[in-house]
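Please keep the sequence and the model in view while reading.

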Amino acid sequence: MACFLVPAAEAIVTTVATQVIKSKEKKEATGTSHSESIVEASHISLSKKMGWLNKMLWGGSALLAFEHVWHGEVTPFFPFLTAVSDGNTMEMLKEMSINGVLMAVIVTAVWGGMVAVSEVKAKQLSKESK
């Protein structure tokens, strides 16, 4: 019904957060010396890691939205969700609170695993380069 709206909402929040983080990183990068930038070359920036999460959330939300359009659960006219027009609003909210939140949490947990693996790899590379 509308479970894709929860990861989409998270994607909106993380996209804004990524833009804020990216602008702060640019400001900090202008004040770093050449030797500091060489050390940070093996480090993956937080904005890049957040970009991974954004792509996962936006891609999953788009795929789910397409699936819901395909099955006729989302329509191109108001109120857009057939559950609302059919009077199944509580069922839709229940699905969003259970399935939508679970999907968003799983995607975020997988992203956390990706970040953890990238940190381990970056530490291994920095040890090898010394």
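## Terms and basis

Throughout this report, a residue is called buried if its relative accessible area is under 20%, exposed if it is over 50%, and partly exposed in between, with a 1.4 Å probe and only protein chains taken into account. By that rule W70, with a relative accessible area of 64%, is exposed.

The model is predicted, so that local features need a pLDDT of at least 70 and side-chain atom pairs count only at pLDDT 80 or more, while totals for chains, interfaces and linings use all residues. Residues are numbered from 1 along each chain as its sequence is written, and side-chain values use heavy atoms, with hydrogens and water left out.

## Aromatic pairs

A pair of aromatic rings is described by the distance of the centres and the angle of the planes. Rings of Phe, Tyr and Trp (for Trp, the six-membered ring) are paired here if their centres lie within 6.5 Å, and the pair is called stacked if the planes are under 30 degrees apart, edge-to-face if they are over 60 degrees apart, and tilted otherwise. The count by this rule is 2 aromatic pairs. One of them joins F66 and W70 in a tilted arrangement, with 5.8 Å from centre to centre and 45° between the planes. Helices are DSSP runs of H or I with at least four residues, numbered from the N terminus, and because F66 and W70 are 4 residues apart in helix α3, about one helical turn separates them.

F78 and F80 form an edge-to-face pair, in which the centres are 6.0 Å apart and the planes make an angle of 85°. F78 counts as exposed because its relative accessibility is 69%, whereas F80, at 41%, counts as partly exposed.

## The loop between α3 and α4

Most residues other than glycine have a negative phi, and most peptide bonds are trans. Against that background, the peptide bond from F78 to P79 is cis, with omega near 5°, and P79 is found in the loop between α3 and α4, the latter helix spanning residues 82–85. F80 lies in the loop between α3 and α4 as well, and its phi is near 70°, a positive value in a residue other than glycine.

G72 is also placed in the loop between α3 and α4, where its relative accessibility of 38% makes it partly exposed. Computed along the sequence, G72 and V20 are 52 residues apart, and their C-alpha atoms are 37 Å apart in space.

A salt bridge is taken here as a side-chain nitrogen of Lys or Arg within 4 Å of a carboxyl oxygen of Asp or Glu. A search of the whole structure finds 1 salt bridge, and K49 forms it with E119, the closest N and O atoms being 2.0 Å apart. This pair links distant parts of the chain, since K49 is in helix α3 and E119 in helix α5, 70 residues apart. K49 is buried because its relative accessibility is 6%, while E119, with a relative accessible area of 26%, is partly exposed.

## Surface patches

Patches are made of residues with over 30% relative accessible area and no salt bridge, where like charges are joined within 9 Å and nonpolar side chains (Val, Leu, Ile, Met, Phe, Trp, Tyr) within 5 Å; the accessible areas come from the Shrake-Rupley method with a 1.4 Å probe, and for residues only the protein chains shown count as cover. I12, V16, V20 and W58 form a nonpolar surface patch, with about 360 Å² of accessible area together. K26 lies in helix α1 and is exposed because its relative accessibility is 56%.

## The segment before α1

F4 has its place in the segment before α1 and is buried, because its relative accessible area is 10%.

How values were computed: Helix = DSSP H or I, 4+ residues; strand = E, 2+ residues; numbered from the N terminus.
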